[in-house]
Amino acid sequence: MEYKRTTRAHRFRGLLLVEHCGPFHERVTLELAVGHEPMPPTLGRNLFGRQVYQLPGFFAYAKHIIKIDGKRGLFKGLTPRLCAGAVGTVVHSRVLQCYQHQNQMEDEASKEKENPSLDYVIKETTQEMVARSAATVITHPFHVITLRCMVQFIGRETKYDGVFGSIVTIYREEGVLGFFAGLMPRLLGDVLSLWICNMVAFLINKYTLENQVM
């Protein structure tokens, strides 16, 4: 496995895939995650063929949202999420560019990219962590607005309406700190997942794949 940064084009294509192809998917799964159950369970069968009561699934919940808010209801919170994705991509790229010159000089003097050592992986992961953390901190206000625009469906509220209206509402009621509610758990989750995934990938590459080649 090669440990190298993707190009800006690759990151932008990833942004388009996540932000444009699945906004309604996040809307529905978020409502399910917060425990909103507007429809009664139905009788069905589990994997073993036994009859059990099951809560409505993804498509049933999506139909319920369409019935209440129309098809536009599936895309609530899309605008601030697109803003977060675009700004986050730019910030992530800029931070990595700060390391680019240093990494090029080190790569010329070393061939570790072909067979990365633990120190190399730690260095790359640290740089990616800094880039992701910077992007997360800067775009978190948009993340807060996105979630609140979606979740207010449960109580049929309309206080968070659009990006600018939501900014005014949050600032008036909670001040600047309101834009960063839940930032620390989100940062901690991103950092832990990044380090765990990269370390597991390194260990698999070093101790499993190399042994198979030998």
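Student: Where does Y160 lie?

Tutor: In this model, which is a predicted one, Y160 lies in the loop that runs between helix 5 and helix 6.

Student: Is Y160 buried or exposed there?

Tutor: Y160 counts as buried, because its relative accessibility is 10% and the cut-off for a buried residue is under 20% relative accessible area.

Student: Which residues is Y160 in contact with, leaving aside its neighbours within four places in sequence?

Tutor: With those neighbours set aside, the residues in contact with Y160 are R148, C149, Q152, S166, T169, I170, E173 and E174. For one of these, I170, the C-alpha to C-alpha distance from Y160 is 8.5 Å, with 10 residues of separation along the sequence.

Student: And which side chain does the side chain of Y160 make a polar contact with?

Tutor: That partner is R148, whose side chain makes a polar contact with the side chain of Y160 at 3.1 Å.

Student: OK, so where does R148 lie, and what else is R148 in contact with?

Tutor: R148 belongs to helix 5, and, apart from neighbours within four places in sequence, R148 is in contact with Y160, I170, E174, G178 and A181. R148 is also buried, because its relative accessible area is 19% and the limit for that class is under 20%.

Student: What about T169, buried or exposed?

Tutor: T169, which is found in helix 6, is buried, with a relative accessible area of 7%. Not counting residues up to four places away in sequence, T169 touches K159 and Y160.

Student: Let's go to the helices themselves. At roughly what angle do the axes of helix 5 and helix 6 cross?

Tutor: The axes of helix 5, residues 118-151, and helix 6, residues 163-174, cross at roughly 100° and come within 10 Å of each other. The two helices are therefore roughly perpendicular to each other, since angles of 65 to 115 degrees count as roughly perpendicular.

Student: Which residues make that contact?

Tutor: From helix 5 the contact is made by F142, V144, I145, R148 and C149, and from helix 6 by V163, S166, I167, I170 and E174. By residue class, the contact of helix 5 with helix 6 divides into 7 nonpolar, 1 polar and 2 charged residues.

Student: Take V163 then, what does V163 touch?

Tutor: V163, whose place is in helix 6, touches T79, P80, F142 and I145 when residues up to four places away in sequence are not counted. V163 counts as buried at 12% relative accessibility, and V163 and C149, which are 14 residues apart in sequence, are 9.2 Å apart in space, C-alpha to C-alpha.

Student: Switching topic: in which sense do strand 1 and strand 2 pair?

Tutor: Strand 1, residues 42-45, and strand 2, residues 51-54, pair in the antiparallel sense, and the pairing runs over 4 bridges. As one example from the pairing, G44 has V52 in strand 2 as its bridge partner.

Student: How many residues sit between the strands of that hairpin?

Tutor: The hairpin formed by strand 1 and strand 2 has 5 residues between the strands, and in the turn G49 has a positive phi of about 85°. R50 is also placed in the loop between strand 1 and strand 2.

Student: Is R50 buried or exposed?

Tutor: R50 counts as exposed, because its relative accessibility is 60% and the exposed class begins over 50%. Leaving aside its neighbours within four places in sequence, R50 is in contact with G44 and R45.

Student: Zooming out, how many helices and strands does the protein chain have?

Tutor: The protein chain has 7 helices and 2 strands, and from the N terminus on its elements follow the order α-α-β-β-α-α-α-α-α.

Student: And what percentage of the residues count as buried?

Tutor: Of the 214 residues in the protein chain, 32% count as buried. As for the contacts in the protein chain with a separation of 6 or more, 73% of them are accounted for by residues 24 or more positions apart.

Technical notes:
Residues are numbered from 1 along each chain as its sequence is written. This is a predicted model: local features need pLDDT of at least 70, side-chain atom pairs count only at pLDDT 80 or more; totals for chains, interfaces and linings use all residues. Side-chain values use heavy atoms; hydrogens and water are left out. Axes are lines fitted to C-alpha atoms, for helices over the stretch in contact, and angles run from 0 to 180 degrees between N-to-C directions. Angles under 35 degrees count as roughly parallel, over 145 as roughly antiparallel, 65 to 115 as roughly perpendicular and the rest as oblique. Contact means heavy atoms within 4.5 Å. Ala, Val, Leu, Ile, Met, Phe, Trp, Tyr, Cys and Pro count as nonpolar, Asp, Glu, Lys and Arg as charged, and the others, Gly among them, as polar. Two strands pair if DSSP finds at least two bridges between them. Buried means under 20% relative accessible area, exposed over 50%, partly exposed in between (1.4 Å probe, protein chains only). A polar contact is a pair of N or O atoms within 3.5 Å; within protein, one must be able to donate a hydrogen and the other to accept it, and residues adjacent in sequence count only if both atoms are side-chain atoms.
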